[in-house]
Amino acid sequence: MTEPDTIDITRELDRYHPDRVALDRELTERVSRAHAAMTAAFADILAATTEAEEAESYWAQGSQTTSEWLAANLRVHGKTARMWTRMAKQLKDFPAFQERMAVGELNVDQVRQLLRYADPANQAE
(Lines give C-alpha, C1' and ligand atoms only; values in the text may rest on other atoms or scores of the structure.)
Protein backbone atom coordinates (compact mmCIF):
# COMPACT_ATOMS: atom_id res chain seq x y z
CA MET A 1 0.00 0.00 0.00
CA THR A 2 1.37 3.41 -0.95
CA GLU A 3 1.46 6.43 1.30
CA PRO A 4 -1.03 9.20 0.55
CA ASP A 5 0.28 12.20 -1.32
CA THR A 6 1.58 14.88 0.98
CA ILE A 7 1.37 18.58 0.32
CA ASP A 8 4.35 20.82 0.87
CA ILE A 9 2.58 23.75 2.55
CA THR A 10 5.57 26.07 2.21
CA ARG A 11 5.74 25.52 -1.53
CA GLU A 12 2.00 25.97 -1.86
CA LEU A 13 2.07 29.25 0.08
CA ASP A 14 5.00 30.53 -2.02
CA ARG A 15 2.73 30.43 -5.06
CA TYR A 16 0.69 33.26 -3.55
CA HIS A 17 3.56 35.45 -2.40
CA PRO A 18 3.19 38.96 -3.89
CA ASP A 19 6.58 38.74 -5.64
CA ARG A 20 5.62 35.44 -7.23
CA VAL A 21 2.22 36.75 -8.30
CA ALA A 22 3.87 39.82 -9.85
CA LEU A 23 6.40 37.65 -11.70
CA ASP A 24 3.64 35.37 -12.98
CA ARG A 25 1.65 38.37 -14.20
CA GLU A 26 4.74 39.85 -15.90
CA LEU A 27 5.54 36.57 -17.65
CA THR A 28 1.95 36.16 -18.79
CA GLU A 29 1.95 39.66 -20.26
CA ARG A 30 5.31 39.06 -21.94
CA VAL A 31 4.14 35.83 -23.54
CA SER A 32 0.92 37.50 -24.68
CA ARG A 33 2.81 40.40 -26.30
CA ALA A 34 5.20 38.02 -28.03
CA HIS A 35 2.32 35.91 -29.30
CA ALA A 36 0.53 38.97 -30.69
CA ALA A 37 3.75 40.03 -32.45
CA MET A 38 4.24 36.51 -33.82
CA THR A 39 0.66 36.45 -35.09
CA ALA A 40 1.12 39.85 -36.76
CA ALA A 41 4.34 38.63 -38.39
CA PHE A 42 2.57 35.51 -39.62
CA ALA A 43 -0.20 37.66 -41.09
CA ASP A 44 2.52 39.48 -43.04
CA ILE A 45 3.92 36.15 -44.27
CA LEU A 46 0.47 35.21 -45.53
CA ALA A 47 -0.02 38.60 -47.21
CA ALA A 48 3.38 38.29 -48.93
CA THR A 49 2.50 34.72 -49.93
CA THR A 50 -0.67 36.00 -51.61
CA GLU A 51 1.34 38.61 -53.50
CA ALA A 52 3.94 36.01 -54.52
CA GLU A 53 1.18 33.69 -55.73
CA GLU A 54 -0.45 36.43 -57.80
CA ALA A 55 2.89 37.54 -59.27
CA GLU A 56 4.01 33.94 -59.82
CA SER A 57 7.25 34.81 -58.05
CA TYR A 58 7.99 31.15 -57.43
CA TRP A 59 9.02 30.70 -61.08
CA ALA A 60 12.01 33.01 -60.69
CA GLN A 61 13.56 30.57 -58.24
CA GLY A 62 12.69 27.45 -60.19
CA SER A 63 9.79 26.33 -58.05
CA GLN A 64 6.65 24.83 -59.56
CA THR A 65 4.26 26.19 -56.93
CA THR A 66 4.05 28.83 -54.24
CA SER A 67 4.04 26.06 -51.63
CA GLU A 68 7.26 24.64 -53.01
CA TRP A 69 8.77 28.15 -53.03
CA LEU A 70 7.74 28.74 -49.39
CA ALA A 71 9.11 25.39 -48.27
CA ALA A 72 12.45 26.09 -49.95
CA ASN A 73 12.83 29.67 -48.75
CA LEU A 74 11.55 29.28 -45.21
CA ARG A 75 12.79 25.72 -44.74
CA VAL A 76 9.40 24.55 -43.54
CA HIS A 77 7.84 21.17 -44.25
CA GLY A 78 5.94 20.90 -47.52
CA LYS A 79 2.71 20.17 -45.64
CA THR A 80 3.16 23.39 -43.63
CA ALA A 81 3.88 25.38 -46.78
CA ARG A 82 0.76 24.00 -48.47
CA MET A 83 -1.37 24.90 -45.44
CA TRP A 84 0.05 28.44 -45.38
CA THR A 85 -0.52 28.87 -49.12
CA ARG A 86 -4.08 27.62 -48.76
CA MET A 87 -4.69 30.01 -45.86
CA ALA A 88 -3.22 32.91 -47.83
CA LYS A 89 -5.52 32.18 -50.77
CA GLN A 90 -8.58 31.90 -48.53
CA LEU A 91 -7.78 35.09 -46.62
CA LYS A 92 -8.06 37.14 -49.82
CA ASP A 93 -11.83 36.82 -49.40
CA PHE A 94 -11.72 37.71 -45.69
CA PRO A 95 -10.09 41.11 -45.20
CA ALA A 96 -11.61 41.44 -41.70
CA PHE A 97 -9.77 38.29 -40.61
CA GLN A 98 -6.54 39.57 -42.17
CA GLU A 99 -6.82 42.90 -40.36
CA ARG A 100 -7.56 41.34 -36.98
CA MET A 101 -4.72 38.88 -37.41
CA ALA A 102 -2.31 41.66 -38.40
CA VAL A 103 -2.91 43.43 -35.08
CA GLY A 104 -2.80 40.21 -33.05
CA GLU A 105 -6.53 40.03 -32.23
CA LEU A 106 -6.96 36.67 -33.96
CA ASN A 107 -4.29 33.99 -33.85
CA VAL A 108 -3.39 31.40 -36.46
CA ASP A 109 -5.46 28.62 -34.91
CA GLN A 110 -8.53 30.84 -34.65
CA VAL A 111 -8.19 31.97 -38.27
CA ARG A 112 -7.80 28.38 -39.47
CA GLN A 113 -11.02 27.40 -37.72
CA LEU A 114 -12.88 30.48 -38.95
CA LEU A 115 -11.84 29.78 -42.52
CA ARG A 116 -13.37 26.31 -42.26
CA TYR A 117 -16.85 27.66 -41.50
CA ALA A 118 -17.06 31.31 -42.52
CA ASP A 119 -18.10 32.78 -45.81
CA PRO A 120 -17.27 36.30 -46.99
CA ALA A 121 -20.79 37.51 -46.25
CA ASN A 122 -20.68 36.66 -42.54
CA GLN A 123 -17.04 37.40 -41.72
CA ALA A 124 -17.91 40.51 -39.68
CA GLU A 125 -19.91 38.39 -37.24
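Analyst: Gladly; what follows is a set of questions and answers about this predicted model.

User: Let's start with the overall picture. What makes up the fold, helices or strands?

Analyst: Helices: the protein has 6 of them and 0 strands. Read from the N terminus, the order of elements is α-α-α-α-α-α. Of its 125 residues, 24% count as buried. Among contacts between residues at least 6 apart in sequence, 52% join residues at least 24 apart.

User: Which residues make the contact between H3 and H4?

Analyst: From H3 come Thr66, Ser67, Leu70, Ala71 and Leu74, and from H4 come Gly78, Ala81, Arg82, Trp84 and Thr85. Sorted by class, this contact has 5 nonpolar, 4 polar and 1 charged residues.

User: What makes threonine 49 count as buried?

Analyst: Buried means under 20% relative accessible area. Threonine 49 has 2% relative accessibility, so this residue counts as buried. Threonine 49 sits in helix H2 (residues 18-55).

User: And what does threonine 49 touch?

Analyst: Apart from neighbours within four places in sequence, threonine 49 is in contact with Thr66, Leu70, Thr85 and Ala88. Thr66 and Leu70 of H3, along with Thr85 of H4, also belong to the contact between those two helices.

User: How do you know that the side chain of threonine 49 has a polar contact with isoleucine 45?

Analyst: A polar atom of that threonine 49 side chain lies 2.7 Å from the backbone oxygen of isoleucine 45. The cut-off for such a pair is within 3.5 Å, so this pair qualifies as a polar contact.

User: Now the loops. What makes the backbone of glutamate 56 worth a remark?

Analyst: Glutamate 56 has a positive phi, about 55°, although it is not a glycine. Its place is in the loop between H2 and H3.

User: Why is glutamate 56 called partly exposed?

Analyst: The label covers values between the limits for buried, under 20%, and exposed, over 50%. Glutamate 56 has 45% relative accessibility, so it counts as partly exposed.

User: Which label does arginine 75 get, and why?

Analyst: Exposed: its relative accessible area is 77%, and the label needs over 50%, so arginine 75 qualifies. Arginine 75 is in the loop between H3 and H4. Its phi is near 55°, a positive value in a residue other than glycine.

User: What about H4 and H6: how do they pack?

Analyst: H4 and H6 (residues 108-117) pack at an angle of about 65°, and their axes are 11 Å apart. The crossing of H4 with H6 is left-handed. Met83, Met87, Gln90 and Leu91 in H4 meet Val108, Val111, Arg112 and Leu115 in H6. By class, that contact has 6 nonpolar, 1 polar and 1 charged residues.

User: Why is leucine 114 neither buried nor exposed?

Analyst: Its relative accessible area is 32%, which lies between under 20% and over 50%, so leucine 114 is partly exposed. Leucine 114 is in helix H6. Leaving out residues up to four places away in sequence, leucine 114 touches Phe97 and Leu106. From C-alpha to C-alpha, leucine 114 and phenylalanine 94 are 10.0 Å apart in space and 20 residues apart in sequence.

User: Last one: what makes alanine 121 exposed?

Analyst: Alanine 121 has 77% relative accessibility, and exposed means over 50%, so the label applies. Alanine 121 lies in the segment after H6. Alanine 121 and phenylalanine 94 are 27 residues apart in sequence, with 9.1 Å between their C-alpha atoms.

Conventions: Residues are numbered from 1 along each chain as its sequence is written. This is a predicted model: local features need pLDDT of at least 70, side-chain atom pairs count only at pLDDT 80 or more; totals for chains, interfaces and linings use all residues. Side-chain values use heavy atoms; hydrogens and water are left out. Contact means heavy atoms within 4.5 Å. Helices (H or I, at least four residues) and strands (E, at least two) are DSSP runs, numbered from the N terminus. Ala, Val, Leu, Ile, Met, Phe, Trp, Tyr, Cys and Pro count as nonpolar, Asp, Glu, Lys and Arg as charged, and the others, Gly among them, as polar. Buried means under 20% relative accessible area, exposed over 50%, partly exposed in between (1.4 Å probe, protein chains only). A polar contact is a pair of N or O atoms within 3.5 Å; within protein, one must be able to donate a hydrogen and the other to accept it, and residues adjacent in sequence count only if both atoms are side-chain atoms. Axes are lines fitted to C-alpha atoms, for helices over the stretch in contact, and angles run from 0 to 180 degrees between N-to-C directions. A crossing is left-handed if the near helix is turned anticlockwise from the far one by less than a right angle, and right-handed if clockwise.
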